[in-house]
Amino acid sequence: MNNPTEHIQKQDNQFIHPWDNFQNLGNNQRTVVEKGDGIYIYDSQGNRLIDGPSGMWCVNIGHGRKEMAQAIYDQVMQLPFTSPWSMATSPAAQFSEALAAEAPGDLNHVFLTTCGSTAVDSALRFVQFYNNYRGKPEKKKIISRLKGYHGSTYLSASVSGKERDKNYLDFATDLVHHIPAPHPLLKPDHMTDADFLDQCVADLENKIIELGEDKVAVFVAEPILASGGVIVPPKGYHKRCLDVCHKYDVLYLSDEVVTSFGRLGHIFSSEAVFDIVPDIITTAKGLTSAYIPMGAFLVSDRLLNEFNNPDIESAIFSNGFTYSGHPVAATAGLKNLEIIKRENLCENAREVGAYLQERIKSLYDIPIVRDVRGLGLMCCVECELTKGADDLEMDYEIGERIDQHCQAMGLVVRPLANMCVISPPLIITKAQIDELVDILYKGVELAMHDCIADGKFKNV
Ligand code: PLP
């Protein structure tokens, strides 16, 4: 085979990708990405594309950072690995101290993992461990929200609430219970904002009462439901949910895998944006800007101080990974934090993020656009061909068409079905936002015209 792109695509069909359709294995022709630089990636045909989702909400400092590569190289040459069970390394120690210093309240201890899923999984296992130690083995149930995404281990996937992902896989259905997402689009027309907020908070309280407060261990919530379509809850939602949790001795786990490391203009957003100090925070993605995989959960001293029962000999948390606190990943994390701070990327995310939110509203002019929403450097444009219809096939089709048109004009969108999610690298400028929004506008418009030509959209 002479064409290198086709050759890679053929080889790639041996790679089972995440969320692959097993009925279509061997028939995919994915875009081959060869290089990244700043906010751009380059495909194997030499096309330059704006990295709209920054990989998957993760390349926060942008591509092609030489000083990051150098730091990683130096650490590999110094020491690639040693066992985290028995040894300490300076990068893991320094990074844990730095994360604790950035975290809100008394979240002063850090459990380093390999990705977001293992961060959420480990944090939930910690909650079970904590309640068993406290002599409350019945207090185990987990409450999370529909449309939430928390990962792809058995437990973190069970906690996720994206119905469309729950087809031929099994989940821990006895343990995990879902309440509705606090999605402003779900507010009935006749309801006031204040009543809607009350209802969202009551969903949590009623679920705790229904399951029994002695049975519920933890509430898991993303500050903004990211993969569910950038759902920004009503103002005050998290604070009121935290109060409900405190009332029933239920822990609050804030899943900041997406919303930390500058995405919303702060290293952690729980307190800075949503005014809560949770019991546990999970993070990953922007933690190392994806240069090396890593995740973490941070836990409060208040919880750790309870491991002090003189009648119990030890409390070994038998959970961890060969690569917990991997020195090369921790080095990448330290360098990432240094770059974010030195280049004021949180400030940039706040300023340019506000500009993005303003500019993206122009898409409301396109008839198939149902909703435009977001905060900071994350936003979503939701399209709809038939008002109120829940038509998965049509949703995927419109998303794919938008993606194709945008890609042809130089923008990667990665739609989640009918929702185009934008979360560019934090280094993006206002001029680049203009370029991004202009392409997205045209892409959505062209996709709509395709659908009109096919008779799939008539409301014009
Ligand atoms: N939690 C949230 C909020 C996420 O968005 C994700 C991934 O998208 C995860 C957890 C899982 O992270 P990972 O894919 O790194 O395992």
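A: Two strands pair if DSSP finds at least two bridges between them. The model discussed here is predicted. In it, strand S7 (residues 216-221) and S8 run parallel and are joined by 4 bridges. Within this pair, valine 218 has leucine 251 of S8 opposite it.

Buried here means under 20% relative accessible area. In a regular strand, side chains alternate between the two faces of the sheet. For S8, Leu251, Leu253 and Asp255 are on one side, while Tyr252 and Ser254 are on the other. Both faces are covered, and these residues are all buried.

Another part of the model is an open sheet of 3 strands, in the order S11-S12-S14, with antiparallel pairing. Its edge strands, S11 (369-375) and S14 (419-422), each pair on one side only. From one strand to the next, the twist averages 10°. Between strand S12 (residues 378-383) and S14 there are 4 bridges, in the antiparallel sense. Here glutamate 382 stands opposite methionine 419 in S14. Helix H11 (residues 345-360) packs on this sheet and touches S11, S12 and S14. The direction of H11 makes about 15° with that of S12.

Phenylalanine 22, in the loop between helix H1 (4-12) and strand S1 (33-37), is exposed, because its relative accessible area is 58% and exposed means over 50%. Together with Ile16 and Leu25, Phe22 forms a nonpolar patch on the surface, with about 300 Å² of accessible area together.

Key:
Residues numbered from 1 in each chain as written. Predicted model: local features only at pLDDT ≥ 70, side-chain atom pairs only at ≥ 80, totals over all residues. Heavy atoms only, no water. Patch = residues over 30% accessible without salt bridge, like charges linked within 9 Å, V, L, I, M, F, W, Y side chains within 5 Å. Areas by Shrake-Rupley, 256 points an atom, 1.4 Å probe, with all protein chains shown as cover. Salt bridge = Lys/Arg side-chain N within 4 Å of Asp/Glu carboxyl O. Helix = DSSP H or I, 4+ residues; strand = E, 2+ residues; numbered from the N terminus. Buried < 20%, exposed > 50% of the residue type's maximum accessible area, 1.4 Å probe, protein only. Axes fitted to C-alpha atoms, helices over the stretch in contact; angles between N-to-C directions. Contact = heavy atoms within 4.5 Å.
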